[in-house]
Amino acid sequence: GVKIDWEKTNKAAKLLGNRGEELVLNHELARLSNLIKLNPDFNPHKVLDGEGYDILSYSENGKEIYIEVKTTSKGKEEPFYLSLNEFQFLEQNADSYFIYRIFEYNPINNYGKLFIISGKDLLNYSFKPLSFEISSKTTLE
């Protein structure tokens with residue numbers, strides 16, 4: 001076995017995720033700058049945790065799109081994880097769901113490369129369950 005500092009690991013992962021989300025939000029604001037000038041309602045923004053995605057944005061024609069950001073300092077093919085909530089949201093909204101994969105992220109210059117996976121394409125990826133929720137088969141009265 002190996003001793004792992006889970007608090008430190010989780011804190012680093014949260015920071016990495018937040019930085020990736022900031023990059024994507026700035027990317028979306030720049031991409032939609034002309035649309036936002038015409039109609040400020042089409043302003044991309046972060047949503048609350050638990051929604052099933054990270055950023056509500058818009059297509060060029062004003063249709064809502066749902067962006068889940070996955071950031072890694074490693075390569076494009078590094079596996080990433082979806083929560084059950086994120087996966088269920090993907091299944092229900094595949095036509096307007098996107099993974100924005102930030103890879104080769106460098107924290108020194110706050111830069112990473114971007115790869116976009118549509119929800120429809122994502123459903124063709126391999127999904128491997130990695131954890132289980134355990135509960136008693138009997139209830140105590």
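Start by selecting Glu-86 and Lys-70: their side chains make a polar contact at 3.3 Å. (A polar contact is a pair of N or O atoms within 3.5 Å; within protein, one must be able to donate a hydrogen and the other to accept it, and residues adjacent in sequence count only if both atoms are side-chain atoms.) You are looking at a predicted model, where local features need pLDDT of at least 70, side-chain atom pairs count only at pLDDT 80 or more, and totals for chains, interfaces and linings use all residues. Residues are numbered from 1 along each chain as its sequence is written, and side-chain values use heavy atoms, without hydrogens and water.

Stay on Glu-86. It sits in helix α3, residues 84–92. (Helices are DSSP runs of H or I, at least four residues, and strands are runs of E, at least two, numbered from the N terminus.) Glu-86 is buried, with a relative accessible area of 13%. (Buried means under 20% relative accessible area, exposed over 50%, partly exposed in between, with a 1.4 Å probe and protein chains only.)

Next, show its contacts, meaning heavy atoms within 4.5 Å. Beyond neighbours within four places in sequence, Glu-86 touches Gly-52, Glu-68, Lys-70, Tyr-81 and Tyr-97.

Now select strand β2, residues 55–58. Ile-55 and Ser-57 point one way, Leu-56 and Tyr-58 the other, and all are buried.

(Pairing needs at least two DSSP bridges between the strands.) His-45 has Leu-56 as its bridge partner.

Tyr-58 stands opposite Glu-64.

Finish at the β2–β3 hairpin, with five residues between the strands. Pick Gly-62: its phi is positive, near 90°.
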